[in-house]
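Morning, everyone. I'll take you through one model, from the overall fold down to single side chains. Please bring it up on your screens.

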Amino acid sequence: MARLANLETEYPVLDSTVRNFCASHGIFSVEDFLIHDLYMLAAFAEQNDSSERLKEGIAQVLSIIDDMHQPWLNGMELLEDAKRNKHVFPTGIQGIDLLLGDGIHVGQLTELVGPSSSGKTQVCLRTASNVARNHMVLYLDTGNSFSPQRIAYFLGKTISPSSAQAKNQFLQKVMSNISCHSVFDIFAMFDVLHQLESYLRCQVSSKRSTHTIML
């Protein structure tokens, strides 16, 4: 979910009038609506000279939130969905893939937890190098730890013997499939995710089949 200021192009009703009203109540993003008393907000909107416009804006944000919620599914429906949509990206690390059930599953959030220097970043870099062979990877770097040298190292260990030119072409292909963004606060992260959402929508509208994995 993005900041309201980034949504006006797609949702014109969220103009400066609506955003300024929301800002006066401490609401700057879609997330802020989730922790705000909407009944009180609607009451304040009624007292404003632009009440109709404000109510349209509030309704639009609520619609955005509703669209992001998946419908309730029972156990059998979840099982059938899992069978139909079993897309998995192997990390390239046998032990990790075994623990994850063959790798990172599409549509699920995989979280790595551990103390400093336990190898979390190395797993992400190895996964990125493995997935980027055939798919696009969006790497969100929150600690300034992305290392293209490590990516090249991991790839070098898995490339079969071939000419130096062939190895270089393969390396360039994989590296070009990885897009790294440095994000050091929650707002920057949501902005990147909103950009990704817009990009994927463009891909769908142009009927291009593209898998993107985010690390």
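**Overall make-up**

The protein has 10 helices and five strands. Helices here are DSSP runs of H or I with at least four residues, strands are runs of E with at least two, and both are numbered from the N terminus. A caution before we go on: this is a predicted model, where local features need pLDDT of at least 70, side-chain atom pairs count only at pLDDT 80 or more, and totals for chains, interfaces and linings use all residues. Residues are numbered from 1 along each chain as its sequence is written, and side-chain values use heavy atoms, with hydrogens and water left out.

Now the totals. The protein is 215 residues, and 26% of them count as buried. Buried means under 20% relative accessible area, exposed means over 50%, and partly exposed is in between, with a 1.4 Å probe and protein chains only. The protein exposes about 13900 Å². Carbon and sulfur atoms supply 55% of that area. The areas come from the Shrake-Rupley method with a 1.4 Å probe; for residues, only the protein chains shown count as cover.

Next, contacts, meaning heavy atoms within 4.5 Å. Take those in the protein with a separation of 6 or more: 64% are between residues 24 or more positions apart.

**Strand β3**

Look at strand β3, residues 136–141. Five of its six residues are buried, so β3 is largely enclosed by the rest of the structure. What does β3 pair with? Its partner is strand β4, residues 178–182; the two run parallel and are joined by five bridges. For strands to pair, DSSP must find at least two bridges between them.

**Salt bridges**

Side chains of opposite charge can pair when their charged atoms come close. A salt bridge here is a side-chain nitrogen of Lys or Arg within 4 Å of a carboxyl oxygen of Asp or Glu. How many does a search of the whole structure find? The search finds five salt bridges.

Start with Arg-19 and Glu-8, at 2.8 Å from N to O. Arg-19 lies in helix α1, residues 16–23, and Glu-8 in the segment before α1, so this pair ties together parts 11 residues apart in sequence. Both ends are partly exposed: Arg-19 has a relative accessible area of 21%, and Glu-8 has 30%.

Move to helix α4, residues 51–67. Within it, Arg-53 forms a salt bridge with Glu-56, and the closest N and O atoms are 3.9 Å apart. These two are three residues apart in α4, about one turn of the helix. Salt bridges with shared partners join Asp-15, Arg-53 and Glu-56 into one network. Arg-53 is partly exposed at 32%, and so is Glu-56, at 44%.

Then there is Glu-46 with Lys-55, a salt bridge of 3.0 Å, N to O. Glu-46 is partly exposed at 47%. Lys-55 is also partly exposed, at 28%.

**Ser-51**

Glu-46 has another neighbour to note. Ser-51, in helix α4, touches Ala-45 and Glu-46, leaving aside residues up to four places away in sequence. Is Ser-51 buried or exposed? Its relative accessibility is 13%, so Ser-51 counts as buried.

**A charge over a ring**

Last stop. Arg-3 lies over the face of Phe-187, 4.9 Å from the ring centre. The rule is NZ of Lys or CZ of Arg within 6 Å of the ring centre and within 35 degrees of the ring normal.
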